[in-house]
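Subject: Structure handover

Hello,

Here is the structure for you to look at. Please open it first, then read my notes below.

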Amino acid sequence: MEQKAGLVLEGGGMRGIYTAGVLDWLDDHGVLFHRIIGVSAGACNAVSYISGQRGRNAQINLSYSTDRRYLSKWGLLTRGSVFGMDFIFNRIPNEFVPFDYDTYRCAGCDFEVVCTDALTGKPFYFHSQGETKRLNTYLMASSSIPIAAKPVRVDGRVLFDGGVADSIPVERSVCQGNDVHLIVLTRNKGYRKPKDRFVPLYRLRYPHYPRLVDAMAARSENYNHSLEVCEQLEREGKAIVLRPSRPVEIDKFEKSRERLEALYRMGYADASAAGEKILCMAHASENVSVREKEHKGEMGSYTMYMCKSTNKK
């Protein structure tokens with residue numbers, strides 16, 4: 001019996017452009033994982049991968065990183081969020097860089113978006129098996145970093161960034177019954193998350209969500225535990241872990257196009273270096289499709305293949 005494989009995508013704000021490079025390599029080699037779980041920027045990257053829009057993620061990040069509608073620390077004062085949430089999750093996919101909703105719906109992927117429930121402090125997993133009506137809202141919720149963004153209210157829940165409760169959802173992937181995993185991280189090997197010094201500030205800011213604050217206080221411990229799980233699975237031959245091959249010098253609010261493009265190229269190159277292992281995993285897994293591509297993009301190229309027709313949510 002063939003194995004089942006899961007694709008696990010960490011978030012990291014603008015560091016997520018590393019993941020965009022990895023996913024473009026997968027697309028160039030016709031590799032589509034049908035079971036995917038993503039957090040924040042990882043989830044945002046995943047949807048364009050599922051819709052087959054190679055280069056779309058890099059195109060958005062590189063084109064809009066200096067646009068205040070997209071990213072501005074002053075936005076925290078003017079709109080309550082560093083990232084322009086309506087601009088990113090409404091205007092970009094529906095006007096400026098159209099998202100191919102039709103292809104996404106027909107892709108047959110079992111995709112989960114990780115959010116954090118503000119009332120419980122626990123992860124909430126939105127299951128989108130081709131469902132697009134609420135997709136952008138849940139992507140927004142998964143990307144709503146506490147302090148830097150407002151919570152998102154949807155389906156009776158108050159949600160924040162999925163990275164608070166489950167930054168690297170590898171154990172979720174295991175619980176889904178996956179035998180092997182392709183895990184994409186946005187921090188280099190050896191990184192460990194330090195304790196957060198701002199927990200007292202969080203308690204002042206979110207007095208009505210004490211369990212959310214507890215989750216924020218425990219985040220470093222949980223994050224580092226997830227890294228240990230990734231490394232253990234890697235040692236056992238049950239996971240391929242892709243992480244930046246050089247120290248990452250940008251933060252989640254990076255605006256430099258040059259630095260972002262370099263990190264994108266690193267993601268593509270790191271995936272290429274592990275390409276033989278990835279293709280072996282893909283061919284051996286019943287829920288990963290591999291098709292021959294007529295035209296492959298160049299290493300580090302982020303030319304976007306736009307959808308041919310305008311389609312609706």
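Is Phe83 buried or exposed? Phe83 is buried, because its relative accessible area is 11% and buried means under 20%. Please keep in mind that this is a predicted model.

**Aromatic pairs**

The structure holds eleven aromatic pairs. One of them joins Tyr70 and Phe83. Their rings sit edge-to-face, with 6.3 Å from centre to centre and 90 degrees between the planes. This pair links distant parts of the chain, 13 residues apart. Tyr70 is in the loop between helix H3 (56-64) and helix H4 (75-78). Phe83 is in the loop between H4 and helix H5 (85-96). Tyr70 also counts as buried, because its relative accessibility is 6%.

Another edge-to-face pair is made by Phe160 and Tyr206. Here the centres are 5.4 Å apart, and the angle between the planes is 70 degrees. Phe160 belongs to strand E7 (residues 157-161). Tyr206 lies in the loop between helix H10 (199-205) and helix H11 (210-217). The two residues are 46 residues apart in sequence, so the pair ties those parts together. Both partners are buried: Phe160 has a relative accessible area of 0%, and Tyr206 has 4%.

**Aromatic cluster**

Tyr70 and Phe83 also turn up in one aromatic cluster.

**Charges over rings**

Which residue lies over the face of Tyr191? Arg187 does, at 4.4 Å from the ring centre. Lys193 lies over the face of Tyr223, at 4.8 Å from the ring centre.

**Largest pocket**

The largest pocket has a volume of about 950 Å³. How many residues line the largest pocket? The lining has 35 residues. Those nearest the centre are Ile145, Asp196, Tyr202, Arg219 and Lys252. H12 provides the largest share, three residues. By class, the lining has 16 nonpolar, twelve charged and seven polar residues.

Best wishes

Methods:
Residues are numbered from 1 along each chain as its sequence is written. This is a predicted model: local features need pLDDT of at least 70, side-chain atom pairs count only at pLDDT 80 or more; totals for chains, interfaces and linings use all residues. Side-chain values use heavy atoms; hydrogens and water are left out. Rings of Phe, Tyr and Trp (its six-membered ring) pair if their centres lie within 6.5 Å; planes under 30 degrees apart count as stacked, over 60 as edge-to-face and the rest as tilted. Helices (H or I, at least four residues) and strands (E, at least two) are DSSP runs, numbered from the N terminus. Buried means under 20% relative accessible area, exposed over 50%, partly exposed in between (1.4 Å probe, protein chains only). A charge sits over a ring if NZ of Lys or CZ of Arg is within 6 Å of the ring centre and within 35 degrees of the ring normal. On a 1 Å grid over the protein atoms alone, a cavity is a set of points where a 1.4 Å probe fits but cannot get out, and a pocket is an open set with protein on both sides within 12 Å along at least five of seven lines; lining residues have an atom within 4 Å of a point. Grid points are joined across faces, edges and corners, and a volume is the space filled by probe spheres set on the points. Ala, Val, Leu, Ile, Met, Phe, Trp, Tyr, Cys and Pro count as nonpolar, Asp, Glu, Lys and Arg as charged, and the others, Gly among them, as polar.
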